[in-house]
Amino acid sequence: MPDAIPPIARLLTIMAALRDKTSGCPWDQVQDFSTIAPYTIEEAYEVADAIAAGPDPATLRDELGDLLFQVVYHAQMAAERGWFGFDDVAEAISKKMIRRHPHVFGDAAARDAGMQTAAWEAEKARERAAHGESGTLAGVATTLPALTRAAKLTKRAARVGFDWDSAEQVLEKLEEETTELRAELPAMNPARIADEVGDILFVVANLARKLDLDPEATLAAANAKFTRRFQAVENTLAGQGKSPADATLAEMEEAWVQAKKSGL
């Protein structure tokens with residue numbers, strides 16, 4: 001493959017070769033949109049991980065390349081069906097960005113951040129309507145992580161006034177949902193328990209939104225904190241010649257408290 005051609009053209013050529021029906025890669029030949037979609041999501045998360053970890057320029061560059069390859073992959077499969085190609089994807093997003101930023105590319109007056117956000121959302125609403133999507137909640141992707149989708153759904157509802165006035169009121173709702181869960185515990189009906197736990201998680205996501213927090217990011221931080229502290233528990237027990245399986249809950253709790261006091 002010649003190095004002299006522009007990088008994006010080279011990448012598109014490589015992708016077409018991988019998908020070639022006679023000389024391509026057997027694995028790539030049989031893929032479709034549904035089988036590649038999970039890899040696309042995974043690569044997006046790996047970009048986020050690379051950013052959260054530093055970022056290291058080389059790592060971020062490589063992860064962005066992996067994500068770009070996913071776009072190229074989907075565009076190639078679409079081109080094979082006669083739908084559109086990579087250039088069409090690039091042209092569509094270019095037009096969309098110009099359309100959504102009239103204060104930059106058009107004659108609209110300069111706006112502050114709040115006005116720009118309102119104009120952006122208004123344009124997105126027009127685009128959804130043009131695609132036949134109606135309703136306040138239209139366009140919130142069902143494939144988003146559940147906590148993120150919950151926050152986005154309630155944010156949409158809040159735009160039309162369906163919202164609590166304060167985070168304190170959301171906390172009161174959380175207490176109400178917790179009480180309802182407690183009431184279901186004696187019967188232990190799996191469906192009812194799942195429904196009530198779902199309500200609690202939904203309210204917590206809403207609470208994070210109300211406090212201007214990203215529920216996924218806050219949970220990721222809690223996961224990382226739990227991991228640090230539990231690893232410290234394991235290290236403490238190892239120093240005593242034990243593993244968690246050998247220790248009592250009281251011993252593990254004592255080591256956990258120590259880890260917490262140490263600032264982990």
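## Basis of the description

Contact here means heavy atoms within 4.5 Å, and helices are DSSP runs (H or I, at least four residues) numbered from the N terminus. The model is predicted, so that local features need pLDDT of at least 70 and side-chain atom pairs count only at pLDDT 80 or more, while totals for chains, interfaces and linings use all residues. Residues are numbered from 1 along each chain as its sequence is written, and side-chain values use heavy atoms, with hydrogens and water left out.

## H1 against H4

In H1 (residues 7-19), Ile8, Leu11, Leu12, Met15, Ala16, Leu18 and Arg19 meet Leu68, Phe69, Val72, Tyr73, Gln76, Met77 and Glu80 in H4. Of the residues in this contact, 11 are nonpolar (Ala, Val, Leu, Ile, Met, Phe, Trp, Tyr, Cys and Pro), two are charged (Asp, Glu, Lys and Arg) and one is polar (the others, Gly among them).

The axes of H1 and H4 (residues 57-80), which are lines fitted to C-alpha atoms over the stretch in contact, come within 10 Å and cross at roughly 55 degrees.

The 14 residues of H8 (residues 146-159) should span 20 Å at 1.5 Å a residue, and the end C-alpha atoms of H8 are 20 Å apart, which agrees. Just after H8, Gly161 takes a positive phi of about 90 degrees.

H8 packs with H11 (residues 215-239) at an angle of about 145 degrees, their axes being 8 Å apart. Here Ala146, Leu147, Thr148 and Ala151 in H8 meet Pro215, Glu216 and Leu219 in H11.

Notes: Axes are lines fitted to C-alpha atoms, for helices over the stretch in contact, and angles run from 0 to 180 degrees between N-to-C directions. Helices (H or I, at least four residues) and strands (E, at least two) are DSSP runs, numbered from the N terminus. The expected span of a helix is 1.5 Å times one less than its number of residues.
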